[in-house]
Amino acid sequence: MATELGIALLGAGTVGATVARELEVHADRLAARSGGPLVLRRVAERDPGRARQLAARGVTVDAEAAAAVAAPDVDIVVELLGGLEPAGTLLDAALQRGLGIVTANKAVIATAGHRLVEAVQPASGGLAFEAAVGAAIPVLAVLRDSLRGDEVRRITAVINGTTNHILGRLEAGDDFDRAVADAQERGYAEANPTNDLDGHDAAQKLCILAWFAMGAEVHPDQVQRRGIRDIDPADIVAAARLGSVIRLVARVERSGAGLALSVQPTLVPRSGHPLSDLEGADNAIVVESDLAGRLVLRGRGAGAEAAASAVLSDIVAVARARRAGREVPQPPAAPVPIQDGEVSETAAWLRVRVDGRPDASAVVVEALARGGVVVEQIGPGGSGVELVVLTRSATRAALDRSLTALEALGVPVKVVQHLDRLGATA
Ligand code: HSE
């Protein structure tokens, strides 16, 4: 009989409680897959109600996570606290002790993951974090294991379930605050939903994708980021009139000038685009590479069971590696040049309020051209005083110049909204 491996679970919130339940209910299945028993020995949890429930099931509950990490009967630490600290310090301590580690913490992995992987001790089982991106979608495994010979050129993705859920609720007629509260109740949102709403969560995940897909060591500060707070119901209605939806889209693309990384609310064609028909907290990741072509991975990107699926898979992988005297491998990465945000390119969608005069379209087209932006389509918006404009792809600097030229017209012209726009396939 193989020896038991002791697990310390840091955090018994929505995901942690599901992991704890699965370790108990499916102990036999998990033991068979990981080469011997896995025993939940410690849970670090400060919430008295949750702590009482766990203690009643015979688990030792520590109020201090450091005590769980330092316990002599622990082999694998599962960190589900989220946020940079104290999680980062606890992971350092676990690495120093030579423990195996599983974490869903995108903030720590996006900012310190490369350093942490280098600090993994031989035969510890290693450091695994599939749950940090896309929850139930095994995207890191695919990028790491299945595209070893490919060069990934571009990733276009919806990787934040909360904002996807909120945008869907706005389409259904909900108001913003109610949609946010609903995402929190369903366990999709971060403890601080600002991280979801302002695009930080997606930017962190995008950095991890750039690491696994492109070997790039990038930091969330290098992502051109905008959240969804200023998307209002009128934008949703105007997008629908064009047969499109608005999604928070994360993109990373190689070019001669380096990597361009962005997280932006983006107009996506409703028909035929893999990012448009995502329900609730679904995520989708479109990977384009030289040999495989185009791959689309999609599934549940947030929620207790979706995240627990990835966490349990990582626990099994780390346990197997530890029993075999190995570590789970993670790909190398090196710093890369980052394209100046101003020279990265995107097509755009504008809502422009005008004064209703007959030559308004010509005036707008001419002003945009002065900034260097070519109009692909222009037509009336919902009301007689609004124009909707689709531009061709242009640099962000040219778009900024054009928006300034529009605002400077002096007549009652106002850019009400401007968003990135995806074509039918990308
Ligand atoms: N808050 C995250 C999201 C949870 O909404 O996608 C999963 O990482």
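This is a predicted model: local features need pLDDT of at least 70, side-chain atom pairs count only at pLDDT 80 or more; totals for chains, interfaces and linings use all residues.
1. The ligand takes up the space of the largest pocket. Among the elements, α8 (161–171) and α11 (200–214) each give two or more residues to the shell around the ligand.

2. The residues surrounding the ligand are Lys106, Asn160, Gly161, Thr162, Tyr188, Ala189, Glu190, Asp196, Asp201, Lys205, Gly301 and Ala302. By type, this shell holds five charged, four polar and three nonpolar residues.

3. Side chains from this shell come within polar reach of ligand oxygen atoms. For Lys106, an N or O atom of the side chain is 2.7 Å from an oxygen atom of the ligand. A polar side-chain atom of Thr162 lies 2.6 Å from a ligand oxygen atom, and for Asn160 the corresponding distance is 3.4 Å. The ligand taken alone exposes 260 Å², of which the protein buries 92%.

4. The space in the largest cavity is about 30 Å³.

5. Which residues line the largest cavity? They are Glu171, Ile236, Ala239, Ala240, Ser244, Val245, Ile246 and Arg270. Five residues of this lining are nonpolar, two are charged and one is polar.

Methods: Residues are numbered from 1 along each chain as its sequence is written. Side-chain values use heavy atoms; hydrogens and water are left out. On a 1 Å grid over the protein atoms alone, a cavity is a set of points where a 1.4 Å probe fits but cannot get out, and a pocket is an open set with protein on both sides within 12 Å along at least five of seven lines; lining residues have an atom within 4 Å of a point. Grid points are joined across faces, edges and corners, and a volume is the space filled by probe spheres set on the points. Ala, Val, Leu, Ile, Met, Phe, Trp, Tyr, Cys and Pro count as nonpolar, Asp, Glu, Lys and Arg as charged, and the others, Gly among them, as polar. A residue is near a molecule or strand if one of its heavy atoms lies within 4 Å of it. A polar contact is a pair of N or O atoms within 3.5 Å; within protein, one must be able to donate a hydrogen and the other to accept it, and residues adjacent in sequence count only if both atoms are side-chain atoms. Accessible areas come from the Shrake-Rupley method with a 1.4 Å probe; for residues, only the protein chains shown count as cover. A molecule sits in a cavity or pocket if more than half of its atoms lie within 2 Å of its grid points. Helices (H or I, at least four residues) and strands (E, at least two) are DSSP runs, numbered from the N terminus.
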